[in-house]
Amino acid sequence: MWFDQDKSLDAFRTGKGVPWSDHDQRLFCGSAAFYRNAYRGSLVQEWLPALDGVQARLEEGIRVVDVGCGHGHSTVLMAEAYPNSRYWGYDVHRQSIDAARDHAEEAGVADRATFAVAGAKGYPDRDFDLICFFDCLHDMGDPVGAARHAAQTLAEDGTVMLVEPFADDRVENNLGPVGQLYYAASTTLCCAHSLSEDVGLALGAQAGEARLAQVFSEAGFSHFRRAMEPPFNLILEARC
Ligand SMILES: C[S@@+](CC[C@H](N)C(=O)[O-])C[C@H]1O[C@@H](n2cnc3c(N)ncnc32)[C@H](O)[C@@H]1O
């Protein structure tokens, strides 16, 4: 992150932001490795079982999309745990999609996990039963548009799983070590990328549950609830 200090300073001066793809090469595998730890420890063991009825459906076999999948570690973990389901991972960053394909090959799940370059408002409609956003919705220029596309591509009884960095709705409750880490990363990475895309809402990594609920309500979802609140994340569930 700090190798790009000059780009961040320019972004502050111009207000134009910094696209994710413009960062130092080391950022991509670095951030993927950072997030992967929590996914490995908790995604299959705790987070998916906390959603209403989703684990049983994954075991039976459903259609799952991982939006903003990055290096695809979350997709691969789900594909390993629930082999009867079919997975699609999309991201705007081509290099990350290439890495995700390699990871799926290495893990032996490439038969059921497909990756392609596509934005959160442009991936194909496959009547998905589960749409996942792992630590990426707040990075997007148009999170409401992304949630609206999810509503349009979701099967009738489908679920959106929204994994976001932990944040309380009040700034003063976010000033511990976790909040300090996330505010720093958010300022230089997440808000900067959001400002580089259309709309440029810049929700930031510290959006908090109330603001995220508002995004999903504006996008047409009628149910939104916190499924879990582990120390580093918010695990949220939305349905139309
Ligand atoms: C912090 S990374 C998280 C990646 C991955 N989900 C993970 O948990 O490791 C944010 C990702 O969102 C992707 N992204 C940003 N804006 C996007 C958009 N509009 N549509 C799809 N992906 C987007 C970036 O390219 C990046 O890979």
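Where does the ligand sit? In this model, the ligand sits in the largest pocket. On a 1 Å grid over the protein atoms alone, a pocket is an open set of points where a 1.4 Å probe fits, with protein on both sides within 12 Å along at least five of seven lines; "sits in" asks that more than half of the molecule's atoms lie within 2 Å of the grid points.

Before we go on, some housekeeping. This is a predicted model, where local features need pLDDT of at least 70 and side-chain atom pairs count only at pLDDT 80 or more, while totals for chains, interfaces and linings use all residues. Residues are numbered from 1 along each chain as its sequence is written, and side-chain values use heavy atoms, with hydrogens and water left out.

Now, back to the ligand. A nitrogen atom of the ligand lies 2.7 Å from a backbone N or O atom of Gly-68. For Phe-134, such a distance is 2.8 Å, and for a polar backbone atom of Ala-120 it is 2.9 Å. The protein covers 95% of the 600 Å² of accessible area that the ligand has on its own (Shrake-Rupley method, 1.4 Å probe).

Let's finish with two residues. Ser-96 belongs to helix α5, residues 94-107 (a DSSP run of H or I, at least four residues). With a relative accessible area of 2%, Ser-96 is buried, meaning under 20% with a 1.4 Å probe, protein chains only. Trp-88, in strand β2, residues 86-91 (a run of E, at least two), is buried too, at 7%.

Notes: Buried < 20%, exposed > 50% of the residue type's maximum accessible area, 1.4 Å probe, protein only. Polar contact = N/O pair within 3.5 Å; in protein donor to acceptor, adjacent residues only side chain to side chain. 1 Å grid on protein atoms, 1.4 Å probe; cavity = no way out; pocket = protein on both sides within 12 Å on 5 of 7 lines; lining within 4 Å.
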